[in-house]
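Biologist: Could you take me through this structure one feature at a time, giving the general idea before the particular case?

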Amino acid sequence: MSRAESAVREHAMRGPEPRALELEIPRPLAREGRAMGGRRRKKEGVVEGFRVLTLLYRVGELPAGVFQRLKELFKVYRAVAALYFWSKRLNLEEGVGLALERARQLPSYYRHAFDEDSRVYQFGEVEKMKRPRRVVLQLPLADALHYYCGAYIEDDKLIVRLGGGERLELPLPERALKWLQEKEREVAPLKVAKTVRVQWREDEHPELLKVQIVLRVERQKPVMPDPKGALLCYVDANSDYGIVAVYAVSDGTETRVLETPKLRPPNRSKRLKAAAKRQAAAAYGHKRGVNLALARLSKRFRARGWVKAAAAQIFKKAFQRASGRSVLMNFDIPDPESIKGSYLQKTLLSLEKVARNLANWFGVYVTFECYPSTRCPFCGSELEIVHTKRTRIAYCTRCGFYDDRDYVPFYHWVKELGLPMPKHPLRKLQLPEELKLLISSVRPGSPG
Ligand SMILES: [Zn+2]
């Protein structure tokens, strides 16, 4: 054991249990790509996918000395980064030089943030960057053998080197370790590049230290598989209440629907009730700001997490159903105008980013086309709608086609892929009496 190493041992302090564990997909993908990539000259035909593990630690439970050291590091880094950022933006070469000189106050591995060739370079496309509001220390996560690297995992701990022989030890829950292994397996034999981001904001949540492990995989852009013989997956987010998926296969003579799950955000009424309570409290002037913020949170923020989870579930099911076949997906995401006023609103729009990222991660060919839900896929007539307790049934008075309105775009997609239409309805429907009569009167001209 080297002298430095034993000094480290003496210092070694156990961190607290993380307060919360949140598995997510990075939200602003474009920014993520920039923030993470020095070497990232847009490579032709290559896509990158990310997965992010977020851990929150209570500052009060961290060893005080070590956290103080981290704070100092943030302070120095912020000053150097600001100088570097503005000098770059304003084309002041002296400033850049000065910043790099000052960066020497930082431990060597944190200086990579200013090294354009480094994987953790933080200032890519600086002229397009908004002024960075957050202080994020970003380090490569490597194995412990690379002595000078910033962070590594040792047993069930994440070790962040702070310079001067000090290190911050953060416990990693078993679930987090499992998740990391699982993600690496998902893309094997491709290699995952890992970075650690340490974030602390004095102004916003000074009591929480946010640590993220970002996994990044780079691969060839997937090509469109032959729809014949591929697993087809149509995802529709047009619906008022969530996401609808249709899984099917076709051999070119018959299109067989395997499953048609509908995903709804759980506990909607519970969340809305909680939000209403907060709003009422705010209306009485009781901690107004706080209550309004919490009301917004329980209405919207949770929904975002739900979209991520739902998208991950849709991909997982696609692979199960594919059992070795190629996967062909389409996400039908409405334009922002048409979704206004719906309670999922922006959250559903975020599905595109989430889905694109997952497709890149897994190497799945995905499109984002919208198909009509009000036009008959067989004869092109305008569809009528009848509401039952559970579903909105779309039907055609001309040819007798009917199905759950949420499945109608799927038929149009199948048609466009040049595949035979599936049998309708995709799932058994309870038809209202008057609709039964009407449809039987239209036959025998009926399709399917
Ligand atoms: Zn029709």
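Predicted model: local features only at pLDDT ≥ 70, side-chain atom pairs only at ≥ 80, totals over all residues.

Biologist: Is Asn91 buried or exposed, and is Asp155 buried or exposed?

Modeller: Asn91 counts as exposed because it has 9 C-beta neighbours inside 10 Å, where 12 or fewer is the limit for that class. Asp155, with 8 C-beta neighbours inside 10 Å, counts as exposed too.

Biologist: Going back to H3 and H4, at roughly what angle do their axes cross?

Modeller: The axes of H3 and H4 come within 8 Å and cross at roughly 160°. Angles over 145 degrees count as roughly antiparallel, and H3 and H4 are therefore roughly antiparallel to each other. The crossing of H3 and H4 is left-handed. On the H3 side the residues that meet H4 are Val80, Leu83, Tyr84, Trp86, Ser87 and Lys88, and their counterparts in H4 are Gly95, Val96, Leu98, Ala99 and Arg102.

Biologist: Which strands does H3 lie across?

Modeller: Helix H3 (residues 64–89) lies across S5 and S6, and H3 runs at about 60° to S5.

Biologist: How should I read the sheet that holds S5 and S6, and what is its strand order?

Modeller: Strands of a sheet pair through backbone hydrogen bonds, either parallel or antiparallel. Here the sheet is open, has three strands in the order S4-S5-S6, and is paired in the antiparallel sense. Strand S4 (151–154) and strand S6 (166–171) are the edge strands, each pairing on one side only, and the twist averages 30° from one strand to the next. Four bridges link S4 to strand S5 (residues 157–163) in an antiparallel pairing, and Tyr152 has Ile159 in S5 as its bridge partner.

Biologist: What is the order of the strands in the sheet that holds S16?

Modeller: That open sheet has three strands in the order S15-S16-S17, with antiparallel pairing. Strand S15 (384–387) and strand S17 (402–404) stand at the edges with a single partner strand each, so one side of each is left without a neighbour in the sheet. The twist averages 25° from one strand to the next. Strand S16 (residues 392–395) runs antiparallel to S17 and is joined to it by three bridges, with Ile393 standing opposite Asp404 in S17.

Biologist: How many of the residues of H10 are buried, and which are they?

Modeller: Seven of the nine residues of helix H10 (residues 408–416) are buried, and the helix is mostly covered. Those buried residues are Val408, Pro409, Phe410, Tyr411, His412, Trp413 and Val414. The strands they pack against include S16 and S17, together with strand S9 (231–236) and strand S13 (327–332). Just after H10, Gly418 takes a positive phi of about 80°.

Biologist: Which residues touch the most other members in the largest nonpolar core?

Modeller: In soluble globular proteins, nonpolar side chains tend to be buried together. The largest nonpolar core here has 96 residues, and those touching the most other members are Val160, Cys233, Val235, Ala245, Ala311, Met329 and Leu351. Helix H7 (residues 288–322) supplies the largest share of this core, eight residues. Leaving aside residues up to four places away in sequence, Leu351 touches Ala237, Val307, Ala311, Phe331 and Ile333.

Definitions and conventions:
Residues numbered from 1 in each chain as written. Pairing = 2+ DSSP bridges. Helix = DSSP H or I, 4+ residues; strand = E, 2+ residues; numbered from the N terminus. Axes fitted to C-alpha atoms, helices over the stretch in contact; angles between N-to-C directions. Buried ≥ 20, exposed ≤ 12 C-beta atoms within 10 Å, placed from the backbone. Contact = placed C-beta atoms within 7 Å. Core = buried A, V, L, I, M, F, W, Y, C linked by C-beta atoms within 7 Å. Parallel < 35°, antiparallel > 145°, perpendicular 65-115°, else oblique. Left-handed = near helix turned anticlockwise from the far one by under 90°.
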